[in-house]
Amino acid sequence: MSTYDLVVIGAGPAGLAAAVTAADAGCRVAVLDAGPRPGGQYWRHRSGADAHSHTDWAVFAGLRARFDQLHHHPDAALWFVESRPDDVGPQFAVHTHSTVVYGRRLVIATGAHDRVVPFPGWDLPGVVTAGGAQALLKGQGVVFARRVVVGGTGPFLLPVATGLADAGATVVGVYEANDPVRYARHVGAVLGAASKSTEAGRYGWRMLRRRVPYRRRTAVVAAHGDEQLTGVTVAAISPLGSVVPGSERHVGCDGLAVGFGFTPQVEVAVALGCETFMDRDGSLVVRIGPDQATSVPGVYAAGEVTGVGGAKLALVEGHLAGDAIARSLGRAEPLRAGERSRLLRIRRRLRRFAAALHAVHPVPAFWPDLCDDQTLVCRCEEVSAGAVRQAVRELSAGDARGTKLLTRAGMGWCQGRTCGYATACLTAREAGRPVSSVDLQGHASRTLMQPITLADLAGDD
Amino acid sequence: MDAPGVVVIDAGADVVVIGAGMTGAACAYYAARAGLTVTVVDRAGVASGTTGAGEGNILLSDKSPGPELSLALHSVALWRELGETVGDAQIELERKGGLVVAASATEHDTLAAFADRQRAAGVEAHAVASHELPGYEPHLSPHLVGAVHYPQDMQVQPMLAAAHLLRAARATVLTGTCVVGLLRDGTGGIRAVRTDHGLLPTSRVVNAAGVWAGRVAALAGVELPILPRRGFVLVTQPLPELVRHKVYAAGYVANVERSTAGLEISPVVEGTRAGTILIGSSREHVGFDPAMSLPALRGLAAAAIRLFPILAGVSAIRAYRGFRPYSPDHLPIIGADKNVPGLYHATGHEGAGIGLAPATGHAIAALLTDRRPHVDLRPFAPERHHVHL
C-alpha cells in the first residue's frame, strides 16, 4: 500500500486545478472520478472530442496536459471514505469498487447534481433535468426529444436550450420562473464578473438566431401525458412570486428539461464530519476557511461543494486548495504571493456574482402549492407529497429525518439525492417554519456512497 | 438568561414523558389509557434516537428464563393487542416467527438445551432438523446442522409504531425541545420540567431518554449508570422475498449477554415490508463515537453471506448506526425513583427496547396510577444501581 500526498475526489474544474497545482509543487497526487474521462460535468465530452460546444476548452486542454503526470482513476465510484490518522498526521482511505487509495490530504471536489423540485407530472417519461439533458448531449451526442420545453430558473437554462437547438431539437420555449431584470439590483456584482455577463449575452444571441422564445416570470406548473409526455401547462408568475390565476396555457411538447439550480454532493464531507451550513440558495454546503480547508484537519473542499458558483470559481478554489496543501506538506510554493492574492480577489468577486445569481434565481416559493397530495416526491420508494404532509401533521415528524423514517422518502436506491431537497422543504412547510440545515442534513448523510454487493463489502474478511 | 425557562408552555399535564422513542411512546400510550394527560418532550424528533436506528425486534428467542423473559412474554401479548388496536399494517407488525440456526454440533446442543429451558418458562420453541430447514428458509446455507423455530417472535417498524402510539395517546408532543432541568417542590417532589423552550408544570416525570437517561437523572441529582453500546445495521436493495423469518445464528444469544469491549458480530437477517433485507448486528463498547466502522460493516456482510450464500450478489445500499442503552447488569431500569418523588425511570433495554416497550409502558402506567404492575418490577428497580450524588 502506498500513500499519496493528496487524493482528489472529482476531476471537474475544481479537482483538476487542485491536483495540477499540488503536483506542480512536487506532491504525489491521485485523482478519483466517477466519469470515464477527466473534465467533470462542465467539460463532459466524448472520447476524442474537441472544443465543439465547450466553454473554456483551452483552459481544460492546458490542465489536461499537466494532468497526465498524475495517477488518474477513471470510472471510480467511491463507496466509502475512512479517516485513519497515524503518527505522521491525518490519513484517509478512499474505497472504490476496484481499489483503495490512501492519502495524507483530501480534496473534496465532488461538484453538484441537479436540484429536483417535484410538480404534477414531473415523473413522466420525457421529463428530464436540465443537467440530464445536457449530459446526454455532451456525453453521448443524444438529443433527448424533438419538441422541447426548457423550464425552471437560472442561467443554466440558456446553454441547455441553445445546445439542444444547435443539435437539431425544436425548442418550443424557455420559461424562466424568476425575473432576470432584477440583476439591475446587483450591478456591482454583475459588472465585477464581466466575462459572465458577456457569456449570457452570447447565449441570448444564439437563442435569437434559433428563434427560441424566452419568457421570464413564467413557469411550467404541470406536465401531462399518459405513458409519455405530450405537453405542459405554463403559467405567469406575479412579481410577488405566485402563480397568476387564469394565466395557464397548454404547450405541446415531447420533452421537458427542467432546472432549479444545483445540489452540491456533500456526502464525503458529511461522512468525515466536516462542518456544513445552508447557503443562500438553500443548499447544504461545506464550510471552508480562506485556504479551502474544512473543519476536519487534512480535508479540503473546492468548487460547488463549498457553494454553487460555477466553473470559474471552482477553478480558482481548486488552485487555492492545491497551493495550500502543497504548503501544508512543506513543498515548494506553487503560487507566488502576488498570484495567491490575485486568486483570492477573483474568488471574492465570483462569490459576489454567485450571491447575486442566487438572489435573482431562487427556487420559486410557490412550488409546494403545485404538489397535490398525489404528486410523487420520492420515486424510488413511491412516497407522495400527501404522505410527507401526513407524517408531519398526524405523526409528529418534526424535521426531514423524521419524515424520512416515517415515510421512507429518501431511503431508496438514490438515497435521497433526488428527493432530499423536496422532502426537506415540504416537511418544513407543513411544520410552518423555514427549511433549516437540520432538514437538509437529514438527507445528506450517505454512509455507503454507492451500492456495493455484500461479497465486495465482505472483502477478505 | 433564564427568560425561556420561566415561560410556561404547557397547561400542565398529569405526566411529562422525556423521550419520544419507542419506550417513551409506550409509556405515554398506557398512561393515557389509564386516564392521565400526557406531554412528551424530545430534544430531537419522534423515534430519532435508538428507536430509529434499530431493526424492530420483538424477540422471546434470545431471552433466558428470568425477569427479562417475564417482561418479554407480557410484551409479546401486548404487541398482539396493539396490532389489533392500531392495525398491524399501520405499524408493519409481522408475526413472522424467529429461526435460530446452529452452524456446528456443539452450537446445536447448546441451542437445544437453551430452548428446553425456555419451553419450561412458557416460550414456544420447536426443534427443526437440518433436512427441514429448506421448508422454513429455502435460501439458507446447506451447511447448517439444525435450528429452533420460535413462532412468537415478531417484527415491527419501530418508527411507525412509536409515532402511532403517540398519536393514539393524544399526547402533546414537543419535538426539538431539550430538557434542561427538573424543578422540585419543598418536599423534594417534582414540580415542573424546565426545557429550553419554557416550563412544563407537572408532578410526575417519566425518564425514557434512552442512552441519555443518565443525563436526565443527573438533573434530579441522581446517578443512573446507563452506557451506550454502538451497533450497525446494513440495508440491502429491495428484493422479492428471500428471507421469511427473523433468522439469526445461535451465537447471537451469547453475544447479547456479554460485555466485552471489542467488536462482536452475530448475524441477524430479516426481510422488511419494503422489500429490503436488514442485516444486524454488531456490538461495540466505544462510547458515543459516531464514526462508521468499516470492519463492522465488513463483518456483518460476511456473516450474512455465511447464513444466506445467495446474498453475496445482493447490494447493500445504506448502513446506519445506533447506540443501545445498557446498564451494568444488562437488565432494564424500570420503576419509581426512591429518592425523587414523582420521578420514574424506563430505560436501559439495550437491544431489546422495541420488544420490551409495551410491557415497560404498561408497568409505568400502573405505578403512575398506584396500581400493581402486571410484572414483578423488583429486578428492574432503579435503586439497585443508585449512588446518591
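Reply: Contact means heavy atoms within 4.5 Å. This is a predicted model, where local features need pLDDT of at least 70, side-chain atom pairs count only at pLDDT 80 or more, and totals for chains, interfaces and linings use all residues. Residues are numbered from 1 along each chain as its sequence is written, chains are lettered from A and ligands numbered from 1 in the order in which they are written, and side-chain values use heavy atoms, with hydrogens and water left out.

Me: Leaving aside neighbours within four places in sequence, which residues is Gly19(B) in contact with?
Reply: Gly19(B) lies in the loop between β1 (15-18) and α2 (22-33) of chain B. Helices (H or I, at least four residues) and strands (E, at least two) are DSSP runs, numbered from the N terminus. Beyond those neighbours, Gly19(B) touches Gly24(B), Ala25(B), Val40(B), Val41(B), Asp42(B) and Ala208(B).

Me: Is Gly19(B) buried or exposed?
Reply: Buried means under 20% relative accessible area, exposed over 50%, partly exposed in between (1.4 Å probe, protein chains only). Gly19(B) has 7% relative accessibility, so the residue counts as buried.

Me: What area do chain B and chain A bury between them?
Reply: Here 36 residues of chain B are in contact with 30 residues of chain A. Buried area is the accessible area (1.4 Å probe) that two parts lose on being put together, summed over both. Carbon and sulfur atoms carry 64% of it, and the total is about 2,900 Å².

Me: Which residue forms a salt bridge with Glu394(A)?
Reply: A salt bridge is a side-chain nitrogen of Lys or Arg within 4 Å of a carboxyl oxygen of Asp or Glu. The rule finds 1 across the interface of chain B and chain A. Its closest N and O atoms are 2.7 Å apart, and the partner of Glu394(A) is Arg167(B).

Me: Which element gives the most to the side of chain B that touches chain A?
Reply: α6 (158-168), β14 (227-236), α9 (294-307) and β18 (315-326) of chain B each supply at least two residues of that side. With 8 residues, the element that gives the most is α9(B).

Me: Which residue in β18(B) stands opposite Ile452(A)?
Reply: Strands pair if DSSP finds at least two bridges between them. Strand β22 (residues 452-453) of chain A and β18(B) run antiparallel, joined by 2 bridges. Opposite Ile452(A) stands Ala316(B).
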